[in-house]
Amino acid sequence: MQRKGATTVKAGTAVRGPEGTETPRPFVPPVGASRNVPTSMPGGAPRIEMNQGEPEHRHFPRAQLATHFDLWVDDGAGGRRFSANLVSVNVSVSGAFLASTFFLPMGTVVRTRFALEEGAAPVEARAEIVREERGPEEEGRSGFALRFLDFSGQTEVALARLFLGMRLRAFTEDYLKSARARSLPNELERVIDVMAAWELLKATTPGDPWRGE
């Protein structure tokens, strides 16, 4: 008999009690995992796609990235009344879709913690469930979408780097070789100059840096 207030979750999903606070793990396909969850080769870059209308991604592109999400709901007294470990299908700066065979009510606000690569500091966020897909695994993906509401400790910068890191690195390395950058008196002035040059580039070219244009 199910106890009042207890949470029932289908087999195949890792669920933990209030004490579960382990560090997010890199993706390892669980036994019985959906064939619709994309796997990433070790050290390989995730595939970046344009937003295809999903509200959780808004105007940002999304990365096809499978990584463990620690997910929990606070009980209002410093503990957790629900806790689970799920695997992402895709991630963007504004949201994520998680593969799941159980569902929480739409509008539920959860806390989440996940890492974008092995050994990286975790991203920590508060998120809202905004969409779900309940198709059978053999016919389509099953799970729900999160829209990030806010982040802890500026960890959202790690998400931004997932999409902008390579372009920013190439731009910065090239700019720092310029005579102007070498003439500046200290590192802080060079950082400010690089930021100004990047913003000027964005304002004077038609491309969208988020989409690699």
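Rings of Phe, Tyr and Trp (the six-membered ring of Trp) are taken as a pair if their centres lie within 6.5 Å, with planes under 30 degrees apart counted as stacked, over 60 as edge-to-face and the rest as tilted. By this criterion the structure holds seven aromatic pairs. The model is predicted, with local features needing pLDDT of at least 70 and side-chain atom pairs counting only at pLDDT 80 or more. Residues are numbered from 1 along each chain as its sequence is written, and side-chain values use heavy atoms, without hydrogens and water.

**View A. The pair of phenylalanine 102 and phenylalanine 144.** The ring centres of phenylalanine 102 and phenylalanine 144 are 6.2 Å apart and their planes lie at 65°, so the pair is edge-to-face. Because phenylalanine 102 lies in the loop between β6 (95-99) and β7 (109-114) and phenylalanine 144 in strand β9 (residues 142-151), the pair ties together parts that are 42 residues apart in sequence. Phenylalanine 102 and phenylalanine 144 are both buried (under 20% relative accessible area, with a 1.4 Å probe and protein chains only).

**View B. The pair of phenylalanine 171 and tryptophan 198.** Phenylalanine 171 and tryptophan 198 form an edge-to-face pair, 5.3 Å centre to centre with 70° between the planes. This pair links helix α1 (residues 156-175), which holds phenylalanine 171, to helix α3 (residues 187-204), which holds tryptophan 198, 27 residues apart. The relative accessible area is 18% for phenylalanine 171, which is buried, and 10% for tryptophan 198, which is also buried.

**View C. An aromatic cluster.** Phe69, Phe114, Phe148 and Phe151 together make up one aromatic cluster.

Notes
Helix = DSSP H or I, 4+ residues; strand = E, 2+ residues; numbered from the N terminus. Buried < 20%, exposed > 50% of the residue type's maximum accessible area, 1.4 Å probe, protein only.
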